[in-house]
Amino acid sequence: MLYNIESRKAIEIKNICRKLNIAYRDVEKKDYGYKLGYLLNISEDDFRSSGEDFDDEMLFLSEFGNGILDLFLALLRKKKCSVALNAVLTETNKEFTSYELFNEISNEHKAMQKGETYNQA
């Protein structure tokens, strides 16, 4: 799932996805309050909450088969399409909304930039 990816970079990412037969989706701000599992069609729980919108680029990756994730990430680097905020689907974060995921990984990213360890509250 792609969030706020600038146009040129989004085209490159989508081309990589097509090349590797990976489904992708641009997530619109109106959908940020839905649980990630619902947006991925792996949960029927369509709980919706509100939160503060964000404009940062973010990638949320799910259901990558053996070796595909490494290949996908290598192709992103090769095409110079890095996205600072990214996460992979877990049992925990599938219950998050996009707002919650953004807050979690942006806090982790800020802590890493400072050389600190991020401890979830």
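A pocket here is an open set of grid points with protein on both sides within 12 Å along at least five of seven lines. The model is predicted.

**Exercise 1. Describe the largest pocket: its volume, its lining and the elements that supply the lining.**

Solution. 
1. The space in the largest pocket comes to about 260 Å³.
2. Its lining is made of 16 residues, and Met 1, Ile 22, Ala 23, Tyr 24 and Ser 62 are those nearest the centre.
3. By class, the lining holds 13 nonpolar residues, one polar and two charged.
4. At least two lining residues come from each of H1 and S2. S2 contributes the most, with three residues.

**Exercise 2. Decide whether Val 27 is buried or exposed, and list its contacts beyond four places in sequence.**

Solution. 
1. Val 27 sits in the loop between helix H1 (7–19) and helix H2 (36–39).
2. The relative accessible area of Val 27 is 7%. The cut-off for buried is under 20%, so Val 27 is buried.
3. Leaving out residues up to four places away, Val 27 touches Met 1, Leu 2, Tyr 3, Tyr 32, Leu 39 and Ser 98.
4. From Val 27 to Lys 80 the C-alpha distance is 22 Å, with a separation of 53 residues in sequence.

Notes:
Residues numbered from 1 in each chain as written. Predicted model: local features only at pLDDT ≥ 70, side-chain atom pairs only at ≥ 80, totals over all residues. Heavy atoms only, no water. Helix = DSSP H or I, 4+ residues; strand = E, 2+ residues; numbered from the N terminus. Buried < 20%, exposed > 50% of the residue type's maximum accessible area, 1.4 Å probe, protein only. Contact = heavy atoms within 4.5 Å. 1 Å grid on protein atoms, 1.4 Å probe; cavity = no way out; pocket = protein on both sides within 12 Å on 5 of 7 lines; lining within 4 Å. Points joined across faces, edges and corners; volume = space filled by probe spheres on them. Nonpolar A, V, L, I, M, F, W, Y, C, P; charged D, E, K, R; others polar.
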